[in-house]
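Visitor: Before we go through the labels, please show me the model.

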Amino acid sequence: MTLEAEIVDIVEEVGQTLAANLRAARGLRGWRLDDLAAASGVSRGMIHQIETARTHPSVATLARLCHALKIPISELVETPTQLGALARRADALVSRHGRSTTALLVGDGRHELWEHTLHPGDAIHDTGHPAGTKELIHVTEGVLQVDIGGATFVVPALDALSLRGDRPHTYRAAEDRTARYTVVVIYIGAHDGRYPRTAQ
């Protein structure tokens, strides 16, 4: 592909992104084209042209629209990959603990999202993450028991637990049935090198 063709593709992508993001920002406020035109001083026709990717506005026009919408210009040109990334369960890093499993669904070096399935009789032991790490645990099925230091927490389905993740702790099913729960790990300082980053 030639440089000229690449530039055309980039301009087209930015135009489509800008169109979609402007429509979304306006729609979020429940504004009609006329409302945004009145608030920004940009004509209704120009806004319609931008929202249908038929024209590329000047920086001054974008600044007027963003001032009216009370958003930064960068928000209007954020591409879908900057807004989010899909993590597929099939691609998760899965570890086994007897019949039980843990799956790292998403990890960006500062946060991790884990899915745990814990069968009766199994235990998942963690030696603790780096200093300052927090864990937020939400039980979706069964009853979870978490032992940390001299404390034991019993967490039934639909309840949640905030935990010092930088201490050794153990997860067990508190009853004779499977416990399913998700864990969000929040690193305050260093990332735990045992686990890879799966997203940025």
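Guide: In H1, the buried residues are Gly 15, Thr 17, Leu 18, Ala 19, Asn 21, Leu 22, Ala 25 and Arg 26. Buried means under 20% relative accessible area, exposed over 50% and partly exposed in between, with a 1.4 Å probe and protein chains only. This is a predicted model: local features need pLDDT of at least 70, side-chain atom pairs count only at pLDDT 80 or more, and totals for chains, interfaces and linings use all residues. Residues are numbered from 1 along each chain as its sequence is written, and side-chain values use heavy atoms, leaving out hydrogens and water.

Visitor: What do the buried residues of H1 pack against?

Guide: They pack against H2, H3, H4, helix H5 (73-76) and helix H6 (80-83). Helices are DSSP runs of H or I with at least four residues, strands are E runs of at least two, and both are numbered from the N terminus.

Visitor: Why is His 191 called buried?

Guide: His 191 has 17% relative accessibility, and the limit is under 20%, so His 191 counts as buried.

Visitor: Which residues does His 191 touch, not counting those up to four places away in sequence?

Guide: Gly 109, Glu 112, Pro 130 and Arg 197; contact means heavy atoms within 4.5 Å.
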